Each structure stands twice: as C-alpha cells, then as structure tokens.
Amino acid sequence: QVQLVESGGGLVQAGGSLRLSCVASGSIFSINVMTWYRQAPGKQRELVASITSGGITDYADSVKGRFTISRDNAKKTMYLQMNSLKPEDTAVYYCNANIRSWNSAYHDYRGQGTQVTVSS
C-alpha cells in the first residue's frame, strides 16, 4: 500500500520561512509528477507547485519567486521551500503524487496535509 506523509508545517511570522517535506512509502515502482496543493478555509483547493520526475517545475503565480519545489527521487521525497511567507499563504498543504505500484498502473495518491499558519 502506498502512503504519502507530509511534515514541516507550523506557525511562522510574515516574512519567515518553512520547509515542507512529503515522503512516499510502500510498494512503489515509480513516481511520475509530484504536486503541492493548498486549501485555505472557505476557499477552493489551489495548485501551488509541481515537479516531474525529470525535475521540470511549475508554480502558481502567487508563489513564484518565493517558493521552490524540489525532489529526491532516491529518497522518494518532495520538498517545498517557502520563503517570504505572507498571511495569505495560510492553508493546509497537501502533497499529491502520481505513483505506479508493482503490477499496477499509475494512480494519484494524496497525503493527509500539514497546516501552515502565517501571522501578520
């Protein structure tokens, strides 16, 4: 069974930094695209950043220049370095990964989320 576990969230003042991690575990053959999403109370889920297995990245306009997504394929881990945080970055951050298990096709998996709170 495949699991994604996020960590690294917390409370930080505006202008501060946090680094989120997402570790994939289980019967994994390969991992395709990995993505960070976030959802604030009363708002729709928003794609924050994505990264392919080859390292091609994409960002939401709202985080460009402040957030950096990366991954370590050997460790099956994705990261999100968040700098210059703003109160509007407050949300639950989820990781999503397109994973192929042994003897199966690719499926999307999502973690349980980690809370990020930015105080003004």
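Is Phe-29 buried, exposed or partly exposed? I looked this up and found Phe-29 partly exposed, with a relative accessible area of 42%; buried means under 20%, exposed over 50%, and partly exposed in between, with a 1.4 Å probe and protein chains only.

**Entry 1: basis.** I note that this is a predicted model, in which local features need pLDDT of at least 70 and side-chain atom pairs count only at pLDDT 80 or more, whereas totals for chains, interfaces and linings use all residues. Residues are numbered from 1 along each chain as its sequence is written, and side-chain values use heavy atoms, with hydrogens and water left out.

**Entry 2: the aromatic pair.** I counted 1 aromatic pair, taking ring centres of Phe, Tyr and Trp (its six-membered ring) within 6.5 Å, with planes under 30 degrees apart as stacked, over 60 as edge-to-face and the rest as tilted. Phe-29 and Trp-102 form this edge-to-face pair, with 4.7 Å from centre to centre and 75° between the planes. Phe-29 belongs to strand E4 and Trp-102 to the loop between E9 and strand E10 (106–110), so the pair ties together parts 73 residues apart in sequence. Strands here are DSSP runs (E, at least two residues), numbered from the N terminus. Trp-102 counts as exposed, at 54% relative accessibility.

**Entry 3: charges over rings.** I searched for NZ of Lys or CZ of Arg within 6 Å of a ring centre and within 35 degrees of the ring normal. Arg-19 lies over the face of Tyr-79, 4.0 Å from the ring centre. Arg-110 takes such a place over Tyr-94, at 4.3 Å.

**Entry 4: the open sheet.** I traced 4 strands in an open, antiparallel sheet, in the order E1-E3-E8-E7; two strands pair if DSSP finds at least two bridges between them. Strand E1 (3–7) and strand E7 (67–72) stand at the edges with a single partner strand each, so one side of each has no neighbour in the sheet. Neighbouring strands are turned by 15° against each other on average, direction ignored; the axes are lines fitted to C-alpha atoms, and angles run from 0 to 180 degrees between N-to-C directions. E1 pairs with strand E3 (residues 18–25) over 5 bridges, and Val-5 stands opposite Val-23.

E7 is joined to strand E8 (residues 77–82) by 6 bridges, with Leu-80 as the bridge partner of Ile-69. The two strands form a hairpin with 4 residues between them, and Lys-76 in the turn has a positive phi of about 55°.

**Entry 5: strand E4.** I found 9 bridges joining E4 to E9 in the antiparallel sense, with Ser-101 as the partner of Ile-28. A further antiparallel pairing, of 5 bridges, joins E4 to E5; there Arg-38 is partnered by Glu-46. The hairpin of E4 and E5 has 6 residues between the strands, and Gly-42 takes a positive phi near 75°.

Entry 6: Trp-36, in strand E4, counts as buried at 0% relative accessibility.
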